[in-house]
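User: Hi! I'm new to this one and would like a friendly walk through it. Could you show me the structure first?

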Amino acid sequence: MRAVQYRTIGGAPEVVEIDRPTPGPGQVLLEVTAAGICHSDDFVMSLPAEQYTYGLPLTLGHEGAGRVVELGPGAEGVEVGTNVVVYGPWGCGVCHACAQGKENYCPRAAELGIHPPGLGAPGALAEFMVVDSPRHLVPIGDLDPVKTVPLTDAGLTPYHAVKRSLGKLRAGSTAVVIGTGGLGHLAIQILRALSPARVVALDVTEEKLALATAVGAHDVVLSDADAAANVQQLLGGRGAQLVLDFVGAQPTIDTAMAVAGVESDVTIVGITGTSAAAQVGFFRQAYEASVTVPYWGTRGELIELVELAHRGVFDVHTETFAMADAPAAYERLHAGTLTGRAVVVP
Ligand code: NAD
Ligand code: ZN
Ligand code: ZN
């Protein structure tokens with residue numbers, strides 16, 4: 001089968017021919033119907049050898065959708081032929097975190113050698129993929145896999161980040177979204193669906209800001225040196241109750257801290273290789289502003305997102321690519337010229 005692999009440190013992803021996998025005990029084989037491309041892949045492929053821990057070659061893709069084609073010995077609870085999306089942050093399944101569906105925070109995964117697909121385990125950028133357990137599969141019925149697969153990360157990560165702060169998003173409150181790409185354009189829609197907050201979106205080009213407006217941002221601001229002052233002017237100097245930073249570089253973290261209001265959450269989702277840091281302490285941040293770095297989301301939250309998708313809540317913007325063009329999709333991601341999520345259809 002064909003797959004997209006990262007094979008050498010610093011190299012570009014390659015389309016290669018590899019053996020079709022077979023599902024082991026308890027596992028499920030999917031014929032992949034769609035696989036999303038995430039900026040985190042770009043980060044992983046930027047790491048020097050001494051910081052790279054995912055193994056080589058690595059079949060990429062941690063956003064996967066597929067059709068169940070084969071069950072390994074003892075695997076049950078899902079039927080062959082079912083259309084599913086894959087919950088990616090696999091955990092041990094039995095610890096306290098996993099018992100709550102928070103497999104993204106399983107404290108045992110690393111020691112047990114359990115890795116997400118595309119981030120250690122073979123990923124979704126292939127014609128077939130093995131999923132460790134039926135519990136990682138969420139049936140999607142007749143939803144379009146291309147429009148649904150981004151929910152597994154580009155949707156799930158902001159959904160988790162927004163839900164944990166919902167108590168702060170009363171009527172009259174503001175949420176600021178910095179970076180309106182794959183994750184950010186869904187964050188805006190999640191905020192609009194779940195809260196009465198005013199949504200202010202920041203990005204670096206008018207084109208990206210047009211997408212933010214199209215998917216529900218009330219106000220848009222160019223993310224430049226004046227961004228914090230311009231946001232504060234919009235907000236009458238009172239600051240936002242939630243700031244979501246989907247870039248995570250020093251300039252955006254500085255903007256995030258500068259627009260965070262009293263008792264706010266500053267939620268840094270973006271991952272950069274730089275030593276970006278929030279300046280915290282008295283006179284540096286609003287009173288009782290909390291800074292946090294969430295990772296992905298829970299199994300239950302992905303089920304909720306699929307429910308919302310069935311209700312037609314999301315307008316997921318995607319650019320689709322054939323597998324042969326996946327390397328080009330990664331180039332576009334790196335260059336920042338994609339609109340919404342890049343999705344590969346094998
Ligand atoms: P993306 O490339 O689709 O979107 C990033 C957006 O940020 C683009 O629209 C880009 O124009 C914009 N941007 C770049 N520099 C900016 C600046 N200075 N100010 C404002 N906007 C700017 O990326 P994505 O796939 O949506 O991922 C976003 C980030 O989230 C990445 O860093 C990724 O690694 C990270 N991520 C984290 C988690 C997690 O669990 N914490 C999960 C998924 C992705
Ligand atoms: Zn990701
Ligand atoms: Zn666990």
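**Helices and domains**

Analyst: Helices here are DSSP runs of H or I with at least four residues, strands are runs of E with at least two, and both are numbered from the N terminus. This is a predicted model, in which local features need pLDDT of at least 70, side-chain atom pairs count only at pLDDT 80 or more, and totals for chains, interfaces and linings use all residues. Residues are numbered from 1 along each chain as its sequence is written, while chains are lettered from A and ligands numbered from 1 in the order in which they are written.

User: Thanks! At what angle do the axes of α5 and α6 cross?

Analyst: The axes of α5 and α6 (residues 182-194) cross at roughly 40 degrees and come within 9 Å. Axes are lines fitted to C-alpha atoms, for helices over the stretch in contact, and angles run from 0 to 180 degrees between N-to-C directions.

User: What about α5 and α10, how do their axes cross?

Analyst: Helix α5 (residues 156-163) and helix α10 (residues 299-310) have axes that come within 10 Å and cross at roughly 105 degrees, so α5 and α10 are roughly perpendicular. Leu 156, Tyr 159, His 160 and Lys 163 of α5 make the contact with Glu 301, Leu 302 and Leu 305 of α10. That contact has 4 nonpolar, 1 polar and 2 charged residues.

User: Switching topic: which domains does the chain have?

Analyst: The domain assignment gives domain 1 (2-153 + 297-345) and domain 2 (156-292); such bounds come from an automatic or database assignment. Their C-alpha centres lie 27 Å apart. Domain 1 gives 24 residues to the contact and domain 2 gives 15. On the domain 1 side, α1 (39-45) and α10 are the elements that give two or more residues, and α10 has the largest share, 4 residues.

User: What does UniProt list for residues 10-344?

Analyst: An unreviewed UniProt entry lists "domain: Enoyl reductase (ER)" there. UniProt positions are given in the numbering used here, feature names are shortened, and annotations may be inferred rather than shown by experiment. Over residues 10-344 the chain is 27% helix and 23% strand, with end C-alpha atoms 22 Å apart.

User: Where is the cis peptide bond?

Analyst: The cis bond joins Leu 56 and Pro 57, with omega about -5 degrees. Pro 57 sits in the loop between α1 and β4 (58-59).

User: And which residue has a positive phi although it is not a glycine?

Analyst: Phe 283 does, with a phi of about 70 degrees. Phe 283 belongs to the loop between β13 (260-268) and β14 (290-292). Most residues other than glycine have a negative phi, and most peptide bonds are trans.

Technical notes:
Angles under 35 degrees count as roughly parallel, over 145 as roughly antiparallel, 65 to 115 as roughly perpendicular and the rest as oblique. Two residues are in contact if their C-beta atoms, placed from the backbone, lie within 7 Å. Ala, Val, Leu, Ile, Met, Phe, Trp, Tyr, Cys and Pro count as nonpolar, Asp, Glu, Lys and Arg as charged, and the others, Gly among them, as polar.
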